[in-house]
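Subject: Structure handover

Hello,

Please find the structure below, with the sequence. My notes on it follow.

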Amino acid sequence: VLSLVVPFVWVWPTSKDLFPIVMTGCFCGLANLTMIAAYRGGAASRIAPFNYVQLPFAGLMGILVMNSFPTPLALLGMSLIGLSGVINAWLESRTRA
């Protein structure tokens with residue numbers, strides 16, 4: 001639905017914006033390739049919990065780059081998501097033992 005308003009609010013990136021946009025694309029592509037290699041080489045149930053490392057880094061990047069601190073509700077949500085990943089990994093390790 002929001003894509004319907006894009007033609008009316010779109011602003012073309014400037015040449016100053018080009019380097020961060022290209023570097024973001026390169027790093028995201030590299031991250032995807034490493035995740036593909038990890039899933040190819042190991043069991044998904046053992047690799048998936050490492051995705052939760054993105055939560056603190058996303059919060060840190062929001063603070064450092066965007067000068068935007070997460071709200072208490074966002075922190076609660078991130079904590080619940082992270083805790084569920086830890087519990088899931090712990091339960092998986094118990095069932096394998």
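Predicted model: local features only at pLDDT ≥ 70, side-chain atom pairs only at ≥ 80, totals over all residues.

A residue counts as exposed here when its relative accessible area is over 50%, as buried when it is under 20%, and as partly exposed in between.

Gln54

Gln54 is part of helix H4. Its relative accessibility is 53%, so Gln54 falls in the exposed class. Along the chain, Gln54 and Gly82 are 28 residues apart, and their C-alpha atoms are separated by 9.7 Å.

The largest pocket

Gln54 is also one of the residues that line the largest pocket. The space in this pocket comes to about 350 Å³. Its lining consists of Met35, Phe50, Asn51, Val53, Gln54, Phe57, Ala58, Met61 and Val65.

The nonpolar patch

A nonpolar patch on the surface is made up of Phe50, Val53, Phe57, Leu60, Met61, Ile63, Leu64, Val65, Met66, Phe69 and Leu75. Together these residues have about 1,200 Å² of accessible area. Helix H4 is again the main contributor, giving 7 residues to the patch.

Where does Phe50 sit in the chain? Phe50 belongs to the loop between helix H3 (44-47) and H4. Phe50 is classed as exposed because its relative accessibility is 60%.

Asn67 is in the loop that runs between H4 and helix H5 (72-96). Asn67 is not a glycine, yet its phi is positive, at about 55°. Is Asn67 buried or exposed? With a relative accessible area of 71%, Asn67 is exposed.

Val1 is placed in the segment before H1. The relative accessible area of Val1 is 87%, so Val1 counts as exposed. Between Val1 and Cys26 there are 25 residues of separation in sequence, and the C-alpha to C-alpha distance is 29 Å.

Leu4 lies in the segment before helix H1 (6-9). Leu4 is exposed as well, because its relative accessible area is 62%. Leu4 and Arg40 are 36 residues apart in sequence, with 39 Å from C-alpha to C-alpha.

Val22 is a residue of helix H2, which covers residues 15-41. Its relative accessibility is 42%, and Val22 is therefore partly exposed. How far apart are the C-alpha atoms of Val22 and Asn88? The two atoms are separated by 36 Å, and the residues are 66 apart along the chain.

In short

Regards

Technical notes. Residues numbered from 1 in each chain as written. Heavy atoms only, no water. 1 Å grid on protein atoms, 1.4 Å probe; cavity = no way out; pocket = protein on both sides within 12 Å on 5 of 7 lines; lining within 4 Å. Points joined across faces, edges and corners; volume = space filled by probe spheres on them. Patch = residues over 30% accessible without salt bridge, like charges linked within 9 Å, V, L, I, M, F, W, Y side chains within 5 Å. Areas by Shrake-Rupley, 256 points an atom, 1.4 Å probe, with all protein chains shown as cover. Salt bridge = Lys/Arg side-chain N within 4 Å of Asp/Glu carboxyl O. Helix = DSSP H or I, 4+ residues; strand = E, 2+ residues; numbered from the N terminus. Buried < 20%, exposed > 50% of the residue type's maximum accessible area, 1.4 Å probe, protein only.
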